[in-house]
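Dear colleague,

Please find the structure below, handed over for your use. My notes on it follow directly after.

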Amino acid sequence: MLSARGRTLRPKFRDDYVAWTKRVVESSSIDADMVFVGYGVQAPEFDWDDFKSMDVKGKVLVVLVNDPPLEDTKVFGGPAMTYYGRWTYKFEKAAELGAAGCFIIHQTDRAGYPWEVVRNSWSSENFDLATPGKNMHRAAIEGWITGEEAHALFRLTGKDLEALKKAAATREFKPVPLGVRAKLTVRNTLRSVESNNVIAKLEGSDPQLKKELVMYCAHWDHFGVGPEVKGDKIYNGAKDNASGTAALIEMARAFKQLKTPPRRSLLFLAVTGEEQGLLGSRYYAEHPLYALAQTAAVINMDAPNVLGQTGDIVMIGRGSSTLDELVDEVARSQGRTVKSDPEPEKGFFYRSDHFEFAKKGVPAFYPGSGVEYLGKPAGWGLEMRQQYTREDYHKPSDTIKEYWNLSGLVRDCQLFFLVGYRIATDARTPEWKSGAEFKAARDASLKQKPAANQ
């Protein structure tokens, strides 16, 4: 319930908002004042602070999704989303500052997916890694509200949300107390679940370099049974990510058939819990079987191309590591070009398993589907990508379609194989380029000695 100036607003769960608690408790509540904090960002490297020293401890924060939209491309990556724009950052920052709760205002264009994705992802059973502190450091309540409900909330306060959005896109923005009291209780049914990452290793042929590894990964999970959509509750995950899991198995099969393995060892990691917040990859990154400092690179296959052959390949995160040049060379050998993400505002680099390894410093290759489909008109590939996001992404309708053409996936897998093979045979290892946000983590990890059993 939201109350202000003698009036109340009672948003409807799933239709107007979703909310949950990451605390491992049977119930969690908020009864606190709401504060609009713009984009909820503290980025000293960009001289940006949306909080301006305001004490928000015990408050319920209302934040905008994505980065502040600026014309200056040197701040927050221009049109490309940075980690500051990800919903995970918003909740992490709220917890860090001691907020009681945090709600993100949904916008389809800024989030990169429609409200149905948020609703289906967060209105049923959710999981997290078990922690000794039972996640009590997190805000008591986290959630999203629809854009329409956000406008209703701000009208309740007598404030103009659109005007405040404009103000939030400036360094001068200061937090705005809304004069609204938010009351909400979340009740949980708790259960412990064990799920597994699955890993295989092919040892390299070089006596020294075999201590280093090239990792291929894909997440094997989807949503299973979830909220009903058009009479269907089974979330099949055919593209996301049965296709990537199949590609992972074929990578292992292909490397196993080589007469002589590459110089470096190969890891094939099928991770669990990606759809719950990259849980499996996060767990492995925190408890690696093989030192991440000795992991030369990770190649992540998540929802790859199933629509046919393309004259290009998309490299998400292009420009940040020396993998750029290697991928360019392999693509040229196929008569293809490499392009940057055509939808950089959606922040795909921060939304899949390779990100957990990149945060620890491991150079990452995250390929996306090309957009120049052979025999198709210009714009068809991007249109189909957007159609998938709109109609099938995180919905029961993510099934094998009659129009699928796996010849493109075969060609892409050949590229993935060759990239990994080149990394596994070259004496040099990939590196983050100067200015890359993960370079410092890599430099620090390389100074550490590997574990005794590595």
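Helix α8 passes helix α11 in a right-handed crossing (right-handed if the near helix is turned clockwise from the far one by less than a right angle, left-handed if anticlockwise). Helices (H or I, at least four residues) and strands (E, at least two) are DSSP runs, numbered from the N terminus.

This is a predicted model, in which local features need pLDDT of at least 70 and side-chain atom pairs count only at pLDDT 80 or more, while totals for chains, interfaces and linings use all residues. Residues are numbered from 1 along each chain as its sequence is written, and side-chain values use heavy atoms, with hydrogens and water left out.

The two helices pack at an angle of about 130°, with their axes 10 Å apart (axes are lines fitted to C-alpha atoms, for helices over the stretch in contact, and angles run from 0 to 180 degrees between N-to-C directions). That angle makes α8 oblique to α11 (under 35 degrees is roughly parallel, over 145 roughly antiparallel, 65 to 115 roughly perpendicular, and the rest oblique). In their contact (heavy atoms within 4.5 Å), Leu323, Leu326, Val327, Glu329, Val330 and Ala331 of α8 meet Leu415, Leu418, Val419, Arg422 and Ile423 of α11. These residues divide into 9 nonpolar, no polar and 2 charged (Ala, Val, Leu, Ile, Met, Phe, Trp, Tyr, Cys and Pro count as nonpolar, Asp, Glu, Lys and Arg as charged, and the others, Gly among them, as polar).

The buried residues of α8 (residues 323-333) include Leu326 and Asp328; buried means under 20% relative accessible area, exposed over 50%, and partly exposed in between (1.4 Å probe, protein chains only). Besides α11 (407-425), the buried residues of α8 pack against β17 (312-316), β18 (337-340) and β19 (364-368). Gly335, with a positive phi near 75°, follows α8.

Some backbone values also deserve mention. Most residues other than glycine have a negative phi, and most peptide bonds are trans. The peptide bond from Asp240 to Asn241 is cis, with omega near 15°, and Asn241 is found in helix α6 (residues 238-256). Arg14 has a positive phi, near 80°, and is found in the loop between β2 (7-9) and β3 (17-20). Phi of Lys230 is also positive, near 55°; Lys230 is found in the loop between β13 (224-229) and β14 (232-235) and is exposed, with a relative accessible area of 86%.

With kind regards
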